[in-house]
Structure formats: structure tokens, C-alpha cells
Amino acid sequence: LTVVPRSDKVYGVTLTEGSERTPVHFLVSAGKIGNAVWLDAQVDRDDPGFGAYRDWVYRPHLASRIALEGDTLKVWLVQGKWFEEQRKKGKVKIPFVPSAEENGLLLFTAPTAALQKAIKGFEKDDAAFGDPSVFTRVK
């Protein structure tokens, strides 16, 4: 994972999972919703590896809660099973698609304002999130 500032509010993030995968480049912005900091990631359309992530053709949002503690970044994703249960109960009403990778990842297709409003409704519910992915800065 490599992070490079692209503008005042947008970062370029390169994700490489093992040597067999083509690196994929995301455009990521951070913002505060409620009391938590969230990331919104979309694939960079200029990325030569764009085709490796077929879910991203429509440029959905990948919303994740984050915490930065020194050189450690923790990233929590909304859990698909929890989200689906809440949707069936009528507690969450925003459009999404599950990832084709079958990893429980949710790609939100709602407009940004609708996604932000929905997040305010569950951002404090720890059951909505699994264990964090942890990244440590290498100097």
C-alpha cells in the first residue's frame, strides 16, 4: 500500500496484493461523518490496471472508518452480513452491490450525500464493522 497526496483533499493510493497482481490505483478522500473519520475510495480511471477490478466499472464508493495512531493506520469496512440484516429490517435504505470477490465487501452506489446520511445512522454501532485492516508506515 502506497499513499501519495494528489491535491489538498485527495490522495492517490496504490494497492498491490502479492507479485501476481497488477497494482491498482485509487483516488481516496477523507472526511468526518459524525464522530468518526471515513475514507471514500474510487478507482482512478487513468489506472492501467483498472480492468483487474470489474466491480469498479461504475465507480461506486467504498466507505471505511479509519483511525490513525502514530505510524499505524486502522481501516474498518462495513460488514456485508450486518448491512444486509439492517437492510432487511428497513434500518438502512441506500443502494449497494456486494463485491464479486465474495469477501463481504460492500460497494455503495448511492450519491455521496445519501451515503453520508446513512453512515451517520450506524457509525457508532461496532457490530457494523469487523476487525480492522492494519497498515504501518515504513520509513
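Which side chain meets that of D71 in a salt bridge? In this predicted model, the partner is R137, with 3.0 Å between N and O. D71 belongs to the loop between β5 and β6, whereas R137 sits in the segment after β9, so this pair ties together parts that are 66 residues apart in sequence. D71 itself is partly exposed, at a relative accessible area of 33%.

The search of the whole structure returned four salt bridges. Another of them joins the side chains of R65 and D126, at 3.5 Å from N to O. Since R65 is in strand β5 and D126 in the loop between α2 and β9, parts 61 residues apart in sequence are tied together here. R65 is buried, with a relative accessible area of 13%, while D126 is exposed, at 55%.

The largest nonpolar core has 20 residues, of which W38, V78, F83, I94, F108 and F122 touch the most other members. β4, α1, β8 and α2 each supply at least two of its residues, and α2 gives the most, with four.

Finally, helix α2. L115, A118, I119 and F122 are its buried residues; seen down the helix axis they fall within an arc of 105°, so they line one face. They pack against β3, β4, β5, α1 and β8. The face turned away from this buried side carries the exposed residues A113, K117, K120 and G121.

How values were computed. Residues are numbered from 1 along each chain as its sequence is written. This is a predicted model: local features need pLDDT of at least 70, side-chain atom pairs count only at pLDDT 80 or more; totals for chains, interfaces and linings use all residues. Side-chain values use heavy atoms; hydrogens and water are left out. A nonpolar core is a set of buried Ala, Val, Leu, Ile, Met, Phe, Trp, Tyr and Cys residues joined through side-chain atoms within 4.5 Å. Buried means under 20% relative accessible area, exposed over 50%, partly exposed in between (1.4 Å probe, protein chains only). The arc is that of the directions from the helix axis to the C-beta atoms. Contact means heavy atoms within 4.5 Å.
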